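Let's take a friendly walk through this structure together. Have your viewer ready.

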Amino acid sequence: MGPVRQVFSRWLVWDLPAPVRRLVVGLVTAYGAALAAAAALTRFHTADLQVFGLLLGCTIVSIEMTRRVGEPTGLVRDVYAIWDLPVAVLLPPLYIMLVLGMRTGLSQLRVRHSVLHRRAYSAAAVGMAYAAASVIFHAAEPSLGGGSGAGFGAFLWMLLAAGCGIVRLFVSDSLLLAAILSSHPQTSVRAELIGAEATLGNAAELCLGLLVTFAAAHSVYVVLFAVPLVVWQQRSVRHKQLAAEARLDGKTGLLNDPTWRSQAAEELARAVRTRTPVAVGIIDVDHFKRVNDTYGHPAGDAVLAAVAATTMGVLREGDLVGRIGGEEFAFLLPYTPAVVAAEVAERLRQVIPQITIPVPVPGDAAPPSVTVSIGVAAAGRVTWSLDDFLFAADRALYAAKDSGRNRVFLISADTPGDPRPSSVNGNGSGPA
Ligand code: GH3
Ligand code: MG
Ligand code: MG
């Protein structure tokens with residue numbers, strides 16, 4: 001294989017399911033076309049190039065001074081809008097599109113080698129959004145009359161810039177959401193996009209961006225005073241993201257094993273104090289090795305992510321879900337008696353085989369689908385430790401596997417004895 005083919009084969013975009021591939025290729029191509037059109041339409045002025053050079057320099061310094069902090073692998077949040085907004089507002093759209101392209105290249109080379117199509121898509125999404133904001137700003141600015149001058153006129157000018165910043169955020173988040181949801185339909189990104197913390201972060205970033213824009217409109221070198229502020233802000237945002245990410249399992253987004261155990265132990269201590277019932281369950285995917293053998297490891301990973309997302313969807317907000325092994329997941333249900341825990345596990349057992357997994361399928365094979373076996377250990381009054389619960393749930397899981405898989409088995413601390421099939425609806429819990 002020649003070097004060009006090698007590069008292209010690493011561009012994993014070709015492995016994506018068709019709708020996601022169309023979205024990625026479509027947006028990146030449209031971005032290239034918009035960039036070419038903007039380049040053809042832009043009249044270059046020395047003053048513009050000076051502002052562009054200075055703000056681009058600030059961006060590069062900010063990246064270089066924070067790159068050792070690293071970059072999280074999920075939805076990446078940063079504070080570069082503080083440098084982007086002035087470029088979009090003060091200069092023709094071409095410049096912000098160039099900044100996005102250059103920053104993406106620099107992040108890829110200097111911070112973290114990420115999957116190329118993901119970086120390209122993000123850059124195109126944010127770049128298109130800024131280009132739209134820039135076009136709107138330049139179209140509306142003349143009607144304000146006074147420019148960024150002073151007094152109330154300046155306030156109106158800032159309001160227009162703020163409006164464009166909000167348009168940018170809305171367009172880029174919508175495009176990112178479209179890609180996330182078309183590749184992982186079950187993903188919940190509400191907290192990351194519109195949670196309280198995210199909204200406050202966006203507001204702070206926008207306001208700082210507006211102040212820098214106003215300063216740059218009056219005297220461009222003043223923006224240098226914002227450099228330490230942006231570096232400091234970027235570091236703290238990244239630290240927070242990385243600390244949160246270290247608690248999660250990278251493949252599924254669930255709590256990882258140590259985090260799940262420590263939070264589960266806290267929940268158990270609380271259940272002992274408040275004398276409330278608790279149930280702990282272990283889910284094991286049936287014959288998972290066959291999925292890997294038939295469809296390949298990446299498809300296996302997609303199945304794990306889909307099972308995790310579905311489990312999160314079925315359980316309630318306060319329930320704890322973690323990935324405790326390769327294809328094993330654990331859940332803890334606070335305030336939940338045995339009979340309800342069995343119902344919840346039964347719902348999972350029935351829902352998981354219905355998941356459609358968005359992966360390319362070899363030849364005319366059927367898309368992957370899996371069943372699960374679940375062992376549940378429940379206690380009305382908690383006297384067991386977490387290890388006791390897990391040991392009991394594991395025994396119940398083995399009993400479920402032994403009796404043919406695709407079943408829920410239950411052990412109750414209140415009625416000692418061997419694991420028994422949970423008898424939701426009085427039918428016994430197993431395949432029809
Ligand atoms: P059983 O019904 O008895 O549980 O059979 P099984 O095939 O699910 O169980 P087994 O323990 O034999 O195999 C588990 C497989 O899970 C083997 C391992 O390669 C695979 N696995 C573990 N972690 C991962 C992962 O992160 N990704 C993928 N794709 N496969 C994984
Ligand atoms: Mg297993
Ligand atoms: Mg298994």
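Which residue bridges the magnesium ion (ligand 2) and the magnesium ion (ligand 3)? In this predicted model, that residue is Asp 284, and the two ions lie 3.7 Å apart.

Glu 328, at 27% relative accessibility, counts as partly exposed.

Now move to helix 4, which spans residues 81–90 and is mostly covered, with nine of its ten residues buried. Among them are Ile 82, Trp 83, Leu 85 and Val 89. The buried residues of this helix pack against helix 3 (46–66), helix 5 (93–111), helix 6 (116–144), helix 7 (151–183), helix 9 (196–218) and helix 10 (227–245).

Trp 83 deserves a click of its own. Beyond its neighbours within four places in sequence, Trp 83 is in contact with residues including Leu 55, Cys 58, Val 212, Val 223 and Val 230. Trp 83 also belongs to the largest nonpolar core, a set of 54 residues, where it is listed with Ile 96, Tyr 130 and Val 223 as having the most contacts inside the core. Elements that give two or more residues to this core include helix 2 (18–41), helix 4 and helix 10. A second, separate core has 33 residues, including Phe 288, Ala 299, Leu 348 and Ile 357.

Notes. Residues are numbered from 1 along each chain as its sequence is written. Chains are lettered from A and ligands numbered from 1 in the order in which they are written. This is a predicted model: local features need pLDDT of at least 70, side-chain atom pairs count only at pLDDT 80 or more; totals for chains, interfaces and linings use all residues. Side-chain values use heavy atoms; hydrogens and water are left out. Buried means under 20% relative accessible area, exposed over 50%, partly exposed in between (1.4 Å probe, protein chains only). Helices (H or I, at least four residues) and strands (E, at least two) are DSSP runs, numbered from the N terminus. Contact means heavy atoms within 4.5 Å. A nonpolar core is a set of buried Ala, Val, Leu, Ile, Met, Phe, Trp, Tyr and Cys residues joined through side-chain atoms within 4.5 Å. Donors are N, O and S atoms within 2.8 Å of the metal (3.2 Å for Na, K and Ca); water is not among the atoms, so sites may look incomplete.
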